[in-house]
Amino acid sequence: MVSFLIALAALILGYFIYGKFIAFVMKPDPNRQTPCYTRQDGIDYIPMPTWKVFMIQFLNIAGLGPIYGAIMGAQFGTASYLWIVFGTIFAGAVHDYTSAMVSLRHDGESLPETVGRYLGMNTKRVMLVFTVVLLILVGAVFVSGPASLLAQLTPGWLNSYVWIVIIFLYYIVATLLPVDKIIGKIYPLFAFCLLFMAVGLLGYILVKQPELREIWDEPVFGDKYNTDMIFPMMFISIACGAISGFHATQSPMMARCLKNERLARPCFYGAMVTEGIVALVWAAAATWFYHQYGTEGATGASVAKAVSEEWLGTFGAVLAIIGIAVAPITSGDTALRSARMIISDFFHIEQKSMSKRLIISVPIFVVTAVILWWSLSNPKGFQTLWRYFGWSNQTLSVFTLWAVTVYLMRNSRWMWVTFFPAVWMTFVCTTYILVAPEALEINYTVGVCIGAVIAVGSAIAGLVYYNKVRKER
């Protein structure tokens, strides 16, 4: 319990202390006009109230990652607390806030445009394909998960397949209509469900004080947890609960609606810290569950359902499950919307007319539907999609962090705040693709060594470029 409280306090203090420092590094200008005014179009560039921007950003990024990801990451024990806290404060929130600020400074441009601007046109083309594929994977993954959860609460005829159709139709509408018509109106309701789930579980922990493991317990893991390849598996599994490249695809969407640069810290750094708190709550709940029942046969859905029912009772569990379901729904809809925006930016296709939006969106919907059909017809389809989503998600954060690092170098800012997270995530992602069973699966020690060499190589290349930039000033 003490470990959990320390971790919770660290996340909150991280926002006020380190978040303020990162804002000092980025130097927000309250007098600079933001894209929602300079490029207002009534579709994607629309001035919105700050609370709505925060809420939409939080819901956009809070998919299954801080819930299912934290539950799977908690299989490695209370070590998950450490990654959620340090990852959120020093990597994830920095990643989200700085990428949003760079987007704000460049008329709300999408992520591939930013990467191309700072890492080169060839990288931009690779990133276009990589990012759109990731967003389509998010759209597919975040349909079946909430559909199966909602089916548990409805009559037999309203099964998971019917919910899949309903959710997918909602994705289509949310992708095509102006951001303030559907997303801006329905998200407050979704937010209530998600916040009830998180606050309800947090309240149970604080009031009932279930027996939670401490970080300093010996042994920390024991025979209740899975410690196989804790590095890099835990860092990939937790994903959105600590750092997520997917978030950088969402930040430009809200950067196009933010009224003032000084509001970026609460809306982006703050949203990620809030998500870190949600992940911490679920990691604590999951470590309690695993200590009671073990990890064998446990899935994100089964643990979430069991914890909700045991801690919150029947009625509370229903609301909690709804909250768990809406989290991925609010990420899936904006993922496909972001894919449309990214493609339109790359090919310079205006988006005021519905016909132009359909030209881009229809192929996205078709590909998403095909992937979704494959995952439903394959017994291990969802698990496979989740693994590839997790790796591609974290890899995207590597490109984002390096792009922002170059931005900071060129603008004479303190580039170390993104440099070190970029090197670390390079180490994590390269090691994962080398040693993971679903990837190359080479010898673990060899894979870690190669990953370390690549990470060090990227750091050296970054420092060489930094010295070049300094000499050219």
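T368 is buried, with a relative accessible area of 0%, where buried means under 20% relative accessible area, exposed over 50% and partly exposed in between, with a 1.4 Å probe and protein chains only. T368 belongs to helix α14 (residues 354–377); helices (H or I, at least four residues) and strands (E, at least two) are DSSP runs numbered from the N terminus. Leaving aside residues up to four places away in sequence, T368 touches I136, G139, A140, F168 and L336, a contact being heavy atoms within 4.5 Å.

This is a predicted model, in which local features need pLDDT of at least 70, side-chain atom pairs count only at pLDDT 80 or more, and totals for chains, interfaces and linings use all residues. Residues are numbered from 1 along each chain as its sequence is written, and side-chain values use heavy atoms, with hydrogens and water left out.

The pLDDT, the predictor's confidence in each residue from 0 to 100, averages 87 over the protein, and 96% of the residues score at least 70. Confidence is highest in helix α1 (residues 2–26), at a mean of 96, and lowest in helix α9 (residues 183–208), at 80. Residues 220–224 have a pLDDT below 50, and this stretch has 13 contacts in the model beyond near neighbours in sequence. Where pLDDT is low, the predicted coordinates should not be read in detail.

No disulfide (a pair of cysteine sulfur atoms within 2.5 Å) is found in a search of the whole structure. Two cysteines are set out below.

| Cysteine | Closest cysteine sulfur | Relative accessible area |
|---|---|---|
| C240 | C429, 13 Å | 1% |
| C267 | C257, 11 Å | 1% |

C240 is in no disulfide, and the sulfur of C267 is too far from that of C257 for a bond. C240 counts as buried, and C267 is buried too.

The structure holds one cavity of 30 Å³ or more. On a 1 Å grid over the protein atoms alone, a cavity is a set of points where a 1.4 Å probe fits but cannot get out, and lining residues have an atom within 4 Å of a point. The largest cavity has a volume of about 60 Å³, the volume being the space filled by probe spheres set on points joined across faces, edges and corners. Its lining includes S99, E109, A248 and T400. Helix α5 gives the largest share of that lining, three residues. By class, the lining has five nonpolar, five polar and one charged residues; Ala, Val, Leu, Ile, Met, Phe, Trp, Tyr, Cys and Pro count as nonpolar, Asp, Glu, Lys and Arg as charged, and the others, Gly among them, as polar.

Conventions:
1 Å grid on protein atoms, 1.4 Å probe; cavity = no way out; pocket = protein on both sides within 12 Å on 5 of 7 lines; lining within 4 Å.
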